[in-house]
Amino acid sequence: MIKKKLKLFAENHQELWKFIKFNFSLFVTSALDIVVYMFMLYLVFPSMNSEPLPDNAVLNILGIKYKGYLFSYLISTTAGYVAAYLMNRKITFHSDINPVYSSVLYFLLAAFNILFSSWFGGIAGSLMVERGISNPLTEIIAKFIIINIPTVWTYPIERYVIQIKKRKKNESYSN
């Protein structure tokens, strides 16, 4: 009964259903990102969390100061973005566009989002440390908020540019 109602809802509200699936994917991949990040930061790289990185202009702009944070962030973010790409391509948008095309554009979008999130996260992390409120719970909350800010531009770009579905002959564009 519920499955039938859900299917009917999805058929009658295709765009809303895609948006709901996108947000579900966002929640799942954000959770994956955060779990991997916390695991790496506190269990794999704890000795590197206070080991400073060499002075580097890009890392300074992004606010990344310690090796443990950098490695944890890179690994967790990669896991989250790969999972998001696959979920959105296969489940959310049912994209059948050339995978090289969508992969290259998604990589560029992800790189931009990572730079933005790193910069913003560096600022937030520094403020949390300065105010003495940096702990695993506040880091989880901050990371969840920061990695989801790019959704404002990510959904429309994925929906209408990256994860598109090819039109069939005599069919309007309704993906």
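This is a predicted model: local features need pLDDT of at least 70, side-chain atom pairs count only at pLDDT 80 or more; totals for chains, interfaces and linings use all residues.
The protein has 7 helices and 0 strands. Read along the sequence, its pattern is therefore α-α-α-α-α-α-α. The C-alpha atoms fill a box of roughly 60 × 35 × 25 Å along the principal axes. The protein has 175 residues, of which 38% count as buried. Contacts between residues at least 6 apart in sequence were also examined. Of these, 71% join residues at least 24 apart.

Aromatic rings come next. A pair of aromatic rings is described by the distance of the centres and the angle of the planes. The structure holds 15 aromatic pairs. One of them joins Phe-45 and Phe-71. Their ring centres lie 5.5 Å apart, and their planes stand at 55°. Planes under 30 degrees apart would count as stacked and planes over 60 as edge-to-face, so this pair is tilted. The two residues are 26 apart in the chain, and the pair links distant parts of it. Phe-45 lies in the loop between helix H2 (14-44) and helix H3 (57-62). Phe-71 belongs to helix H4, which spans residues 67-92. Phe-45 has 15% relative accessibility, under the 20% cut-off, so Phe-45 counts as buried. Phe-71 has a relative accessible area of 30% and is partly exposed.

A second pair is formed by Phe-112 and Trp-153. Here the ring centres are 5.9 Å apart and the planes meet at 65°. That angle is over 60 degrees, so the pair is edge-to-face. Phe-112 is partly exposed at 47% relative accessibility. Trp-153 is partly exposed at 24%.

Two packed helices are described by the angle between their axes and the distance between the axes. The axes of H5 and H7 come within 11 Å and cross at roughly 170°. Angles over 145 degrees count as roughly antiparallel, so H5 and H7 are roughly antiparallel to each other. On the H5 side, the contact involves Tyr-101, Ser-102, Leu-105, Tyr-106, Leu-109, Phe-112, Asn-113 and Phe-116. On the H7 side, it involves Trp-153, Thr-154, Ile-157, Glu-158, Val-161 and Ile-162. By class, the contact has 10 nonpolar, 3 polar and 1 charged residues. Phe-112 and Trp-153, the edge-to-face pair, are among the residues of this contact.

Another residue of H5 is Ser-118. Its relative accessible area is 2%, so Ser-118 is buried. Leaving aside residues up to four places away in sequence, Ser-118 touches Leu-62, Ile-64 and Tyr-73.

Lys-143 lies over the face of Tyr-37, at 4.8 Å from the ring centre. His-94 has a positive phi of about 50°, although it is not a glycine. His-94 lies in the loop between H4 and H5. At 42% relative accessibility, His-94 counts as partly exposed.

Terms used. Residues are numbered from 1 along each chain as its sequence is written. Side-chain values use heavy atoms; hydrogens and water are left out. Rings of Phe, Tyr and Trp (its six-membered ring) pair if their centres lie within 6.5 Å; planes under 30 degrees apart count as stacked, over 60 as edge-to-face and the rest as tilted. Helices (H or I, at least four residues) and strands (E, at least two) are DSSP runs, numbered from the N terminus. Buried means under 20% relative accessible area, exposed over 50%, partly exposed in between (1.4 Å probe, protein chains only). A charge sits over a ring if NZ of Lys or CZ of Arg is within 6 Å of the ring centre and within 35 degrees of the ring normal. Axes are lines fitted to C-alpha atoms, for helices over the stretch in contact, and angles run from 0 to 180 degrees between N-to-C directions. Angles under 35 degrees count as roughly parallel, over 145 as roughly antiparallel, 65 to 115 as roughly perpendicular and the rest as oblique. Contact means heavy atoms within 4.5 Å. Ala, Val, Leu, Ile, Met, Phe, Trp, Tyr, Cys and Pro count as nonpolar, Asp, Glu, Lys and Arg as charged, and the others, Gly among them, as polar.
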